[in-house]
Amino acid sequence: MSNLKTQFGTFLTLLFVLCNFNTLVAQESKVVLAESKLVVDGTSNLHDWTIEAKAMSGKASVTLEAGDLKAVKNLDFIVEVEQLKSGKNGMDKNTFKALKSTTNKNISFKLVKVIKITTVSDNNYTIETQGDLTIAGATKRINQTFTVKLVGKKMIFSGKQKIDMTVYGVEPPTALMGTIKTGKDVTVDFKVTYN
């Protein structure tokens with residue numbers, strides 16, 4: 001009888017472990033371009049300006065437990081420099097030159113570590129991270145806070161980041177023989193879907 005109880009207890013323990021194991025899910029995803037948007041807003045002595053990324057890619061690897069976001073293992077994001085478009089050909093050329101696009105084709109962010117994940121509400125989270133941002137061939141470590149929304153298997157990362165371009169060795173572009181000068185700070189506003 002005690003042997004039967006022991007076997008039954010072992011079976012229940014194994015069942016419990018297996019059930020808990022099955023709730024822990026690793027999910028790997030890629031950027032869905034059609035559902036993503038990234039814009040760069042800047043200033044000049046004449047007027048404010050906006051550039052939008054028309055080509056981007058990236059991957060994310062997260063751990064979900066019973067549908068809850070528990071960890072972000074990997075996260076990277078890449079924007080093609082020459083697919084940053086303002087709608088003004090002259091401005092685009094000046095931007096590509098300032099970002100040294102002939103030798104540095106991409107701007108990229110790569111997650112280094114997650115500092116904190118906070119649950120805001122069902123399927124909504126705030127994630128504080130550190131990552132390496134590479135612009136014009138220069139890499140700097142930054143703090144980046146994301147808001148993340150889970151919709152089925154999709155993850156929507158959004159946020160803003162103010163960047164001093166001179167820190168990356170980028171000379172703010174000028175036009176009309178220097179009469180139009182852009183400011184050194186830009187704000188990147190993004191909403192990127194991974195699936």
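**View 1. Surroundings of Leu38 in the predicted model.** Leaving aside residues up to four places away in sequence, Leu38 touches Ile51, Glu52, Ala53, Met56, Phe77 and Val79, and also Val188, Asp189 and Phe190. The largest nonpolar core has 44 residues, and Leu38 belongs, with Leu75, Ile135 and Tyr194, to those that touch the most other members. In soluble globular proteins, nonpolar side chains tend to be buried together.

**View 2. Strand S7 and its antiparallel partners S5 and S8.** Strand S5 (residues 68–80) is joined by five bridges to strand S7 (residues 106–121), and in this pairing Phe77 stands opposite Phe109. Eleven bridges join S7 to strand S8 (residues 124–135), where Lys110 stands opposite Asp132. The hairpin of S7 and S8 has two residues between the strands, and Asn123 takes a positive phi near 65 degrees there.

**View 3. The aromatic pair of Phe146 and Phe190.** Among the four aromatic pairs counted in the model, this one is edge-to-face, because the ring planes stand at 65 degrees, with the ring centres 5.8 Å apart. Phe146 in strand S9 (residues 138–151) and Phe190 in strand S13 (residues 185–194) are 44 residues apart, so that the pair links distant parts of the chain. Phe146 is buried, with a relative accessible area of 6%, and Phe190 is likewise buried, at 10%.

**View 4. The aromatic pair of Phe157 and Tyr194.** The ring centres of Phe157 and Tyr194 lie 5.3 Å apart and the planes are at 70 degrees, so this pair is edge-to-face. Phe157 lies in strand S10 (residues 154–164) and Tyr194 in strand S13, so the pair ties together parts that are 37 residues apart in sequence.

How values were computed: Residues numbered from 1 in each chain as written. Predicted model: local features only at pLDDT ≥ 70, side-chain atom pairs only at ≥ 80, totals over all residues. Heavy atoms only, no water. Core = buried A, V, L, I, M, F, W, Y, C linked by side-chain atoms within 4.5 Å. Buried < 20%, exposed > 50% of the residue type's maximum accessible area, 1.4 Å probe, protein only. Contact = heavy atoms within 4.5 Å. Pairing = 2+ DSSP bridges. Helix = DSSP H or I, 4+ residues; strand = E, 2+ residues; numbered from the N terminus. Phe/Tyr/Trp six-rings, centres within 6.5 Å; stacked < 30°, edge-to-face > 60°.
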